[in-house]
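Dear colleague,

Please find the structure below, handed over for your use. My notes on it follow.

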Amino acid sequence: MNTPKRIAVLGATGSIGRQALDIIGRHPDRYCATVLAAGTRVDDLIELARKHRPRLAIIGRQDLLPRLREELLPLGIATASGPDALAECVEADDVDMVLTATVGYSGLEPTVHAIRAGKDIALANKETLVVAGELVNRLLKDSTSRIYPVDSEHSAIAQCLQGEDVTRVERLLITASGGPFRTWPAERIAAATAADALRHPNWNMGSKITIDSATMLNKAFEIIEAHHLFGIAPDCIEAVVHPQSIVHSMVEFVDGGVKAQLGVPDMHLPIAYALGEHSRLQGASAHLRLEDYANLTFERPDLERFPCLGFAHLCLNKRGTTACTVNAANEIAVAAFLAGRITFPQIYETIARTLDATAFVTSPEYSDYVAINAEARARAEEIIAKY
Ligand code: MG
């Protein structure tokens, strides 16, 4: 029998982290969690650490470290805090795979360290590839580490590409639920509240990605992510709205054949497929009964009502630090929208104006991403303060 694969779960208390730990806990013969890391939810982290008994538990907010230490030290679980702890833990000898399920830009640094240390990555943090896809791909060339996508669309594409020649791909069709405002007229979207935007029809996710889904910037990010993951030209990647979220994405080949991956909307399957390095885990998710879905429908996305979708090809055409700036401005704008400081359309406006106001680096190194991310956040805050 093989020894269990040792996993560092970054973002353990979030939606993906918890579902991954659910899989890990149900399959102790295959997996164990050696590191659990969370940002601020210290009580949840303590509860998960009691259950999964990692070697190390990390909390992002330093003032919460004493409480974590007090609870976990008696159990023999080491504790740490801060960004350095995250970067160091992924390089440890007792980590075989890193699940990056943190939110936003924060996923980049540990991913870079994991690649440098030759660790495999189950990538749930799409912002990593959005912000710095070219850098990540360059680092992967000199590393033994591989990236297994957790995002349902990219898992679907990876499944469709099994046994295929990637040079025979005509198009990637990334499905989008359309979010909570799919059928809303523009005037109603303009007055949408955070509560409206958080009411996602099909997926139960964290608040940041749910707002990104409502603006459809999430889909723009997934187009960028797909380009970097699969090396398909930007013009050959499209979004198609599919409100039922049963077809998780499709690949069209040069002969006109189209392969799709279907399943109930449940992240357990793509998480298990990534943890298993593209292998299938018995009972990972509930089974699909196609007869329960009499109508699977598809429609073109509406760029007028969802202008954020247009950032996908803008970023892929301009390249450099464009997507880094879009991501940083969006993180600030989403937080401001959730706090009731800006309107829903001002999320798009803030990103567009931040792009105009922020420096651009054509061939960025890691330090350039750090600098541009900081600058774009400051510019976005200034723009929001003046609304
Ligand atoms: Mg997705």
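Helix H1 (residues 15–26) lies across strand E1 (5–10), E2 and strand E5 (97–100), at about 160° to E2. Helices (H or I, at least four residues) and strands (E, at least two) are DSSP runs numbered from the N terminus; contact means heavy atoms within 4.5 Å, and angles run from 0 to 180 degrees between N-to-C directions of axes fitted to C-alpha atoms, for helices over the stretch in contact. The model is predicted: local features need pLDDT of at least 70 and side-chain atom pairs 80 or more, while totals for chains, interfaces and linings use all residues. Residues are numbered from 1 along each chain as its sequence is written, and side-chain values use heavy atoms, without hydrogens and water.

Helix H2 (residues 42–52) lies across E2 and E3, running at about 165° to E2. These strands belong to an open sheet of seven, ordered E4-E3-E2-E1-E5-E6-E7 with parallel pairing; strands pair if DSSP finds at least two bridges between them. Its edge strands are E4 (78–81) and E7 (147–149). Four bridges join E2 (residues 31–38) to E3 (residues 56–59), and Ala37 has Ile58 in E3 as its bridge partner.

Among the buried residues are His268 and Tyr273. Just after H12, Glu277 takes a positive phi of about 50°.

Yours sincerely

Methods. Buried means under 20% relative accessible area, exposed over 50%, partly exposed in between (1.4 Å probe, protein chains only).
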